[in-house]
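Here are my notes for you on a few local details. Have the model open while you read, and go to each spot as it comes up.

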Amino acid sequence: MDDPNVLAAQKWVNATYAGVPAYERCAEDGSTGWGTVLSLTQGLQHELGIAPVVPNFGPGTFARVQSRNLRPDAETNKNIVRIYNYALWCKGYYGSATPDTWDSTARTSLADLWTSMGMPPEVPIDAEMWARVTKALLRMDQFRLVPGGDTLIQGIQRRLNSRYVLGMDIPAMSLVPCDGVYSRDVQQGLMMAIQYEIGIPPEDITGYFGEGTIAGLMNHNVEPGDDSPLGYLFKAACYFNSPTYDDDYGAYPYDFGFTATEHGEWLRAFKRFSLVEPVNATGNYRTWAQLLISTGDPTRPATGCDGITEITPQRGKDLYDAGYRLVGRYLDEKLKEGDPGWLDKTIKPGELQAIFDAGLRVFPISQYYGGAASEFTYARGELDGWKAYQRARGYGFDRGTCIYFAVDYDAIGSEINQYIIPYFKGVRTALSQYGNYYQFGVYGSRNVCEQVTRNTGARWSFVSGMSWGFSGNLGYPLPRNWSVNQIREYDFDGDGVRDLDHDVWRQSTDPGSRSVNSPARDLDELIVGLQKLEAAAGFYESDEGLSRNQLITQFFRYGEYDGIVWDGLLHPIDPGWITHVKARDISVREFDELRDPITQHTIGTQHLMASIEGYLRRPVTIDSTNLADMAGWGGDLVSFYAEWRKKRNDYPTGLAFCMDRLARPDVESTFGYGDFIEDADAFNISRRLLAGQRMSQAVSEYYTQVSTGAVNAEERWRNFYANRFGADSANVERLAKGVLLGDDLWQTGVDLVFLGSEGLDLDQMPASIPSSELDSFVLGFRWALTDRVDAEGGAS
């Protein structure tokens with residue numbers, strides 16, 4: 001919304017300083033932005049006698065304001081008074097009604113700003129502090145809580161200002177924003193505060209994580225229960241690294257009243273997640289480093305590496321002897337031999353075998369560009385995805401291998417949204433056209449990895465942690481799906497060339513490839529098991545008249561999806577059939593998980609079969625829901641609804657909750673990525689069974705055809721969307737509401753059996769919350785489904 005006072009500031013500053021050499025005009029649109037405050041900064045520089053003016057509040061401007069030593073009440077230059085008033089308006093505070101005067105309104109606003117910065121109202125602003133306040137006024141920093149801001153973070157920000165800027169007067173330290181958002185400036189302020197507390201003289205404090213800081217932290221362990229100023233800062237660093245979600249290592253129990261035990265439990269979980277040894281409750285140097293910079297301790301042992309140098313048999317042996325077990329290599333290179341800048345970085349003939357013979361695994365990297373925002377477009381993502389697929393197939397990489405596509409520069413937030421995310425959507429589209437034979441991952445800063453994963457479904461993140469100065473690495477925790485964290489580049493051969501990147505590898509994530517051209521056996525093993533069950537069913541007569549396919553689904557359900565609720569949804573399990581199968585020494589544990597041939601994600605066959613049985617018992621139409629859906633996607637959606645209502649204070653809208661937690665491969669939730677795959681596959685396979693196919697035939701053909709991308713083959717999300725929801729996004733929302741609400745009897749069952757068992761109160765049931773909130777939640781489900789359909793090219 002246009003602000004007339006901001007517009008007045010823009011018009012005045014442009015008109016007043018238009019003739020000043022080097023002055024840069026701002027837009028006259030009534031919207032505060034960097035252009036406006038920097039134009040005001042140049043106006044102030046001119047009034048202070050600085051020439052030429054520059055769009056930056058640097059040391060020279062700071063020194064001139066400090067030496068002038070005039071607060072607005074005493075300022076005699078009416079243009080400077082105007083600049084201060086307009087800066088207040090741009091900051092969101094009331095300025096004087098007459099801009100070239102400083103009235104009681106402006107004085108009250110300045111007092112409000114001072115206390116918002118965390119300063120005691122009784123403390124006067126001296127010359128040094130006025131220069132800092134002026135600098136803060138002429139930046140876009142906010143000192144009130146912004147939407148999405150955290151009050152605990154705001155409290156830390158204010159303490160940094162009051163104790164270290166005002167109290168300790170660290171010369172290099174600027175006032176940090178107090179908006180409740182952890183950012184690069186807050187990180188810098190925290191680092192300076194830590195340097196002060198470990199004994200670095202104020203005049204030597206820089207905020208740089210250098211040798212003096214390292215030495216100081218090595219001598220300042222923090223133990224649970226430490227209430228010293230340094231202990232406070234350690235807790236603050238823990239909170240800044242605490243995710244907003246509660247999986248992996250959870251939200252930090254941060255209220256300065258938590259127990260030492262709670263602190264220790266969180267710290268151990270954080271170290272396990274970050275792979276920091278030893279895993280204990282002590283805040284030692286290695287822990288400090290992991291909390292403060294994206295590299296962590298760059299000298300710590302690691303089992304991964306990557307580089308552009310060919311892995312010969314000797315180099316492979318040397319890498320293995322040095323403790324490495326995973327190596328990243330490039331699929332291709334944009335430049336050709338003889339071109340300026342050619343790096344000769346691609347995998348060489350026979351190199352993969354040399355890697356495997358050395359006992360190493362490999363992960364492929366795709367990078368044709370990656371150094372500027374303009375290089376990333378949807379079309380280029382499609383092209384790069386196609387090239388990466390062709391190269392990877394040429395090398396023989398197996399289905400499900402994750403290819404990491406590189407963003408090798410410091411992409412800021414607006415560039416991530418405008419360029420990087422569309423690029424990765426293009427990559428996703430290209431790979432989906434080949435049946436998702438390969439998964440895609442992302443290489444980049446922490447923020448790039450998190451945003452690409454959140455918005456495109458990247459499987460794993462390869463974090464460029466050694467670029468610790470990147471804005472996308474400062475103020476962001478490790479992404480949930482990190483698999484490799486690049487922390488140091490060094491000379492491995494001792495020939496003076498920095499030829500190897502030292503990477504921390506989280507082996508519980510991307511396993512890398514230990515061979516190529518390998519046959520996939522998981523599906524075959526399941527098919528053999530299904531054929532055994534079909535043979536056993538041929539010698540069993542069900543008293544309940546259950547078909548052979550239903551008997552098979554009951555075998556998988558047994559011990560997991562049985563009991564009163566499931567018997568009501570489906571059919572009571574036939575105990576004679578279970579005894580019959582056990583007598584043939586067949587156990588569901590032999591094949592209770594399937595490696596999805598498409599994504600390589602683990603599919604739980606017990607949930608898959610329970611959902612299939614629902615559709616076999618109660619076929620559905622696209623017009624309505626029934627209990628069959630409750631055995632599949634509908635039941636998962638109900639459980640996920642309960643999870644949302646329990647976390648409603650953190651996620652005020654259902655859409656935000658769905659986008660953050662529904663069916664994401666990097667998030668554990670009650671409606672996880674694997675659950676959604678199982679729901680879609682159950683429906684699609686059930687249609688084959690209802691058409692007369694045997695279970696082994698239906699499962700074999702479905703997964704084979706989907707994964708190969710054969711012409712007219714079943715397509716997971718497109719067919720689920722079309723055949724269950726009529727390929728109508730509005731119908732997705734209507735049926736989702738039907739699951740959550742339904743008729744009176746249905747609603748009673750949902751409330752009591754499903755949601756009541758989750759511990760929800762009656763006022764949190766779907767029929768009890770505002771309709772707009774429920775609409776937002778079902779919109780989130782629609783988004784989750786249609787986004788996947790869109791990746792296959794079938795959303796309307």
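1. Start with the charges over rings. R159 sits over the face of Y232, 3.7 Å from the ring centre. R488 does likewise with Y490, at 4.4 Å from the ring centre. To count here, NZ of Lys or CZ of Arg has to be within 6 Å of the ring centre and within 35 degrees of the ring normal.

2. A word on the basis of all this: the model is predicted, so local features need pLDDT of at least 70 and side-chain atom pairs count only at pLDDT 80 or more, while totals for chains, interfaces and linings use all residues. Residues are numbered from 1 along each chain as its sequence is written, and side-chain values use heavy atoms, with hydrogens and water left out.

3. Next, ring against ring. The count comes to 47 aromatic pairs. One of them is F720 with F725: the centres are 5.4 Å apart and the planes are at 85 degrees, so this pair is edge-to-face. The rule takes rings of Phe, Tyr and Trp (its six-membered ring) with centres within 6.5 Å, and calls planes under 30 degrees apart stacked, over 60 edge-to-face and the rest tilted. F720 is buried at 0% relative accessibility, and F725 is buried at 0% too. Buried means under 20% relative accessible area, exposed over 50%, and partly exposed in between (1.4 Å probe, protein chains only).

4. Now look at E197, in helix α8 (residues 184–197). Helices here are DSSP runs of H or I with at least four residues, numbered from the N terminus. E197 is buried, at 18% relative accessibility. Which side chain does the side chain of E197 meet in a polar contact? That of R163, at 2.9 Å; such a contact is a pair of N or O atoms within 3.5 Å, where one must be able to donate a hydrogen and the other to accept it. Leaving aside residues up to four places away in sequence, E197 also touches Y164, H220, P229, L230 and L233, among others (contact means heavy atoms within 4.5 Å).

5. Finally, the backbone. Most residues other than glycine have a negative phi, and most peptide bonds are trans. N69 is not a glycine, yet has a positive phi of about 55 degrees; N69 is in the loop between α3 and α4 (78–91). A727 also has a positive phi of about 55 degrees, in the loop between α28 (716–725) and α29 (729–740). The bond from A51 to P52 is cis, with omega near -5 degrees.

Conventions
Helices (H or I, at least four residues) and strands (E, at least two) are DSSP runs, numbered from the N terminus.
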